[in-house]
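Hi everyone, thanks for making time today. I'd like to walk you through one model, so please have the sequence and the picture open.

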Amino acid sequence: MADPIFNLTHGLYVLTTKLGPKDNGCIVDAVMQMTAMPQRIAVGVQKRNLTNGMIQAAGIFNLSILTTETPQDVFKHFGMQSGRDVNKFENCENEYRSANGLLYIPKFTNAFLSCKVEKTLDMDTHTLFIASVTESKILGDKRGITYNEYRDNK
């Protein structure tokens with residue numbers, strides 16, 4: 001029998017940051033809008049992810065909103081290997097940077113948000129980053145993929 005917590009719906013995203021010369025990113029699903037004015041979001045990131053420590057040090061991140069057209073390879077590339085072992089941006093077709101200097105994912109996304117961390121909260125296995133949105137851009141009109149759709153179809 002499935003765990004009822006998996007009936008909660010939420011999207012899937014590529015979370016990116018940069019520390020020194022190193023760009024990195026990972027797949028996250030724990031994201032929510034906190035306030036509309038000013039725009040703030042909360043993102044939960046596993047502590048064991050390299051991206052977590054990089055965000056804590058850099059204080060900024062980008063969030064690319066993945067669509068239903070995202071192939072499994074994107075989830076595998078950003079979610080099933082560590083930036084400690086591979087350069088996740090080494091073979092990217094194009095590099096797109098927002099005003100904060102961070103990469104975002106232009107393909108298979110409908111928008112990105114650039115964010116500045118305001119607060120962090122220790123959640124045992126995860127860090128909850130509460131951040132203000134400093135830039136945002138619509139990239140397409142495809143619907144965002146939910147975690148439930150990913151689990152059911154990927």
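First, some ground rules. This is a predicted model, so local features need pLDDT of at least 70 and side-chain atom pairs count only at pLDDT 80 or more, while totals for chains, interfaces and linings use all residues. Residues are numbered from 1 along each chain as its sequence is written, and side-chain values use heavy atoms, with hydrogens and water left out.

Let's begin with strand E5, residues 60–66. Helices (H or I, at least four residues) and strands (E, at least two) are DSSP runs numbered from the N terminus. Is E5 enclosed or open? It is largely enclosed by the rest of the structure, because five of its seven residues are buried. Buried means under 20% relative accessible area, exposed over 50%, and partly exposed in between, with a 1.4 Å probe and protein chains only.

Which strands pair with E5? Strand E1 (residues 13–19) does, in the antiparallel sense over four bridges, and so does strand E8 (residues 109–123), also antiparallel, over seven bridges. Pairing here requires at least two DSSP bridges between two strands.

Leaving out residues up to four places away in sequence, Leu-63 touches Tyr-13, Val-14, Leu-15, Val-28, Val-31, Ile-41, Ala-111, Phe-112 and Leu-113; contact means heavy atoms within 4.5 Å. Leu-63 is also among the residues with the most contacts inside the largest nonpolar core, which has 17 residues. Such a core is a set of buried Ala, Val, Leu, Ile, Met, Phe, Trp, Tyr and Cys residues joined through side-chain atoms within 4.5 Å. E1, E2, E4, E5, E8 and strand E9 (126–138) each supply at least two residues of this core. Apart from it lies another core of eleven residues, including Leu-12 and Val-74.

Thr-67 is buried, at a relative accessible area of 2%. Beyond its neighbours within four places in sequence, its contacts include Phe-108, Lys-142 and Ile-145.

The largest one has a volume of about 530 Å³, and of its 26 lining residues, the closest to the centre are Ile-27, Val-28, Gln-46, Asn-49 and Gly-79. For the method: on a 1 Å grid over the protein atoms alone, a pocket is an open set of points where a 1.4 Å probe fits, with protein on both sides within 12 Å along at least five of seven lines, and lining residues have an atom within 4 Å of a point. The volume is the space filled by probe spheres set on the points, which are joined across faces, edges and corners. Which element gives the most to the lining? That is E2, with four residues.

Last stop, strand E8. Thr-120 lies in it and is partly exposed, with a relative accessible area of 47%. Thr-120 and Val-43 are 77 residues apart in sequence, yet 9.6 Å apart in space, C-alpha to C-alpha. Met-123 is also in E8, and at 42% relative accessibility it counts as partly exposed.
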